[in-house]
Amino acid sequence: MTSIPKANSLFRVLLYAFTFCYILPANAQTDMPVFEQAFDKHPSVMLLIDADSKQIVNANPAAAEFYGHSEATLENMSVADLNMLTPKQVAVEVRLARQEGRQFFIFRHLMADGSNRKVEIRTVPLQTENKVLLYSIVTPVTPKMDKVIGHYQNQLEAMVDVQTDEIASKSRQVIWAMGGSIVLLLILIILLYKSMRRGHEARQQAEENEATLSSIFDGISDAIICANPDGRIINANRGSETLFGYSLNELIDSDADRLYKQSKDIAAYQDLQYSENSHNAAIYEADYRRANGSSFSGETLATVMTDPQGKPLGYVRVIRDISERKKSHEKLRLAASVFKHTSEGIMIISPQGTLLDTNDAYTHITGYSHNEVVGQNIRDLFWEFHETDEALMMYQSLQEHGHWEGELETTHANNASRTLKLTINAVSDTHRNLQQYVALFYDITDQKLKDEQLRSIAHYDALTNLPNRLLLADRLEHGMLQIKRRNLSLAIVYLDLDGFKAVNDTWGHEVGDQLLVEIARRMKFALRETDTVARLGGDEFAAIFVDLPMGLPYEIYLLRLLKATNEPIYINNLELKVSASLGVTFYPQQEDITAEQLLRQADQAMYQAKLAGKGRYHIFDSDLARDIKHQHEEVERLKQAVLNNEFVLHYQPKVNMRTSQVFGVEALIRWQHPQKGLLSPAHFLPMTEEHALAIDIGEWVIDAALRQLARWHAQGNMLSISINVGPRQLQQDNFTERLEELLKRYPEIDPSYIELEVLESSIIRDLHKVSRTMQSCIKLGINFALDDFGTGYSSLRYLKELPASIVKIDRGFVMDMLTDTEDLTVLKGIIHLGKLFNKQLVAEGVESIRHGELLLSLGCCLAQGYAIARPMPAGEIASWVAQWQAPVEWQAQQTLPGEAVLLK
């Protein structure tokens, strides 16, 4: 329990209550000077005012001292002489006080020296001798009161329930009102005492006043307890019944100690009763107990009433339930603790943008102390943010909604750039007038950095740092939305490197990665800033060209990409050269299309660019799309054909035209299509050249040819067999191992009867690798032939470095040599080179007897062609070999000296 001595402003409450309990029953024996002394000597400013004329009837010395006028001067003045407000303004204040439930008014009164003071006026009407007097207590409003109120409003109103302050404020107001009311009642008692001295009529009037006072006594909501010196309750008001739950009959004549909850509160009260300095009122808090056993915190105004000789006459306590107020104070304390200790920075900002207060977290986050920033404008503290468009959006949101949340970039006191997550809320009073802004923020710089790192991992290729497929799709969709609003177009390019696999396989993945990084750098440099180039995976890239003017040339952008990939690249003293095949499609199109469909179109166009010879670009069109779709479907059908064993081999004999010897056959694949019948290789093999299916089909051909060769040899038909090996199959790193595994299935076959035919297109990709593969296969006993010689580069280097013992002359030169002298000249040259390099020559495309005669005359006697035999099933070979004879024209042909023939 806390006691506050010298509570003179509250003494008036106790004085009234004591007088009501003690003086009225014994008024006939009480002297008038006691009351005059209480009125004249009390330090509170008191005035008696005529209700009709508003003239001051009486003023105590405290009033004369406060206003600076003598008592006589004040009694010749009216209220209007003191009040600085106009009658209209006074009426507004009276109406406002009634609306707010206040028992007091706030005016400004004029002092004798010309200054003015803000005062609180509490007034009670009195009926005396045909006249109504207004008894007024004038209390100056001190700066300390304003400072206390302003402290809570400025420091904590932003974070606690506004109603908390109102409760605390009203509690103080009611205490003052209670004190003022009791003082008014005291004065009424004094006037009543004077009237009783006048006689019987005065006593009758006093009885009426006593009834009025009794009504006021019971109308006070706080509990008023009057006790004798022994602590026995001799009177109590109706507020006591409400507060404690006891009836008046239960309270009166009972011990006041029963109202306290704890013994320490009783002891403290007893100390107050018998203290020597008990003539002054005291304020203390104690825990009280209700009739139902519950307890509450009460604020008590207590005083000891004495006679003129100082003998205690009794004790008066005015008790108010402050449980809610204490809860409010606890909320304020908690809010202050949160304000100080929270890890989030807090700013209290005035409506004009001035920073009023900050917490410790503000200093920790920004590096600026409280004293450095308080009083500055928020625009100066966060100037980087206030120069952005985002700031305008913030102001608009605060004005319209009273709330804004977002991010802002600022600078720490150490000049480091920081990113803050900021939330601002407007705080208004009960009349919705803006009081201040409360801003909470925390540092998200590190989190933003982590998010950026994760976003980079999710959206960028780790090797080239280019956007990946996910980010490309996002930008493509965004670009498609943008160009719909403008008369522009968009191009999507699908790019695949030609020859990258050979670099990777030859020089290793490290060199391959460096090659990809350099090509990515070149392509990025070749594009505009608004364009995007992305790596889709492996050696595949994609580019988006946005904002292309409709109808204007676009080829310049594609040529830049081709140049970026075609120029030589130097890595570790190696000169590497690759090219690129580009597929291009455009948006918008006549039909709605998605971003994924656009990318597929570009992919299909790229595939066509490869088929057309690589190192070029191809524009997507719908007819081509249908063809590509058909090709994809055919590839899938070919896969199924392999599983269903729908392929067969036919064999075309190879003969010595001069001796009629059949020395071997060439295995040629056919597709026995269930619906289309027997299909030649030209109908399906081109679709597999760049597909892994080419390897599967190639191995099937080798296995089937070896199986058939084993059967012929078992029958005594010792033919050799030629098997075509495609470029993709021959370029395999494990080609020799795979061939050896197939040979092991047929150990009865002598490998020298096997001949593998390779094309120049297989050799040109990597001469050294092909040569090594051929050498390793020759060690197994296998022979090699250069197929279609003369159609490509026909490099002498091939004849010199490749271990091929046979050269097959392309059928094109053979078929046209009878009518085209240039073809004949080429043919002569090939035969001459073959003999110089000691190669066995086999001519393809012998379609007539005359072709054979000329070849024989040129010194080439080994041949195959329709004039000899068409390709046939394996079952027909044996009978054909048994009955075939060379035409007599060939048999009679004599070999001409090679030198003479070549010089003609």
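These legends accompany an overview and several close-up views of a predicted model.

**Figure 1. The whole protein.** The protein has 904 residues, and 48% of them count as buried. Its secondary structure consists of 37 helices and 32 strands. Among contacts between residues at least 6 apart in sequence, 59% join residues at least 24 apart. The accessible surface comes to about 45400 Å², and carbon and sulfur atoms hold 51% of that surface.

**Figure 2. The loop with Y260.** The view shows Y260 in the loop between helix 11 (248-251) and helix 12 (263-273). Y260 has a relative accessibility of 1%, so this residue counts as buried; the cut-off for buried is under 20%. A286 is also shown. In sequence, Y260 and A286 are 26 residues apart, while in space their C-alpha atoms are 7.5 Å apart.

**Figure 3. Helix 20 against helix 24.** Helix 20 covers residues 469-483 and packs on helix 24 at an angle of about 110°, the two axes being 9 Å apart. Helix 20 is therefore roughly perpendicular to helix 24, a label given to angles of 65 to 115 degrees. The crossing of the two helices is right-handed. On the side of helix 20, the contact involves R469, L472, L476, E477 and M480. These residues meet A595, L598 and L599 in helix 24. Sorted by class, the contact of helix 20 with helix 24 has six nonpolar residues, no polar ones and two charged ones.

**Figure 4. Helix 22 against helix 23.** Helix 22 (residues 509-526) packs on helix 23 (residues 555-566) at an angle of about 155°, and their axes are 9 Å apart. Helix 22 is therefore roughly antiparallel to helix 23, as angles over 145 degrees receive this label. This pair of helices has a right-handed crossing. Helix 22 brings I519, R522, M523 and A526 to the contact, and helix 23 brings R560, L561, A564 and T565. The contact of helix 22 with helix 23 has five nonpolar residues, one polar residue and two charged residues.

Figure 5. Y587 and P588 are joined by a cis peptide bond, with an omega of about 5°. P588 lies in the loop between strand 21 (579-587) and helix 24 (595-611).

Figure 6. K614 is not a glycine, yet its phi is positive, at about 65°. The relative accessible area of K614 is 27%, so K614 is partly exposed; that class lies between the cut-offs of 20% and 50%.

Figure 7. N645 sits in the loop between helix 25 (622-644) and strand 23 (647-656). Its phi is positive, at about 60°, although N645 is not a glycine. N645 counts as exposed because its relative accessibility is 55%, and the cut-off for exposed is over 50%.

**Figure 8. E755 and the residues it touches.** E755 belongs to strand 27, which covers residues 754-758. With a relative accessible area of 8%, E755 is buried. Leaving aside residues up to four places away in sequence, E755 touches K654, I721, S722, I723, N783, A785 and I806.

**Figure 9. Helix 28 against helix 30.** Helix 28 (residues 735-744) and helix 30 (residues 767-778) pack with their axes 9 Å apart, at an angle of about 25°. The two helices are therefore roughly parallel to each other, since angles under 35 degrees count as such. Helix 28 and helix 30 form a right-handed crossing. The residues that make the contact are F735, T736 and L739 of helix 28, together with T773, S776 and C777 of helix 30. By class, the contact of helix 28 with helix 30 has three nonpolar residues, three polar residues and no charged residues.

Methods. Residues numbered from 1 in each chain as written. Predicted model: local features only at pLDDT ≥ 70, side-chain atom pairs only at ≥ 80, totals over all residues. Heavy atoms only, no water. Axes fitted to C-alpha atoms, helices over the stretch in contact; angles between N-to-C directions. Helix = DSSP H or I, 4+ residues; strand = E, 2+ residues; numbered from the N terminus. Left-handed = near helix turned anticlockwise from the far one by under 90°. Contact = heavy atoms within 4.5 Å. Nonpolar A, V, L, I, M, F, W, Y, C, P; charged D, E, K, R; others polar. Buried < 20%, exposed > 50% of the residue type's maximum accessible area, 1.4 Å probe, protein only. Areas by Shrake-Rupley, 256 points an atom, 1.4 Å probe, with all protein chains shown as cover.
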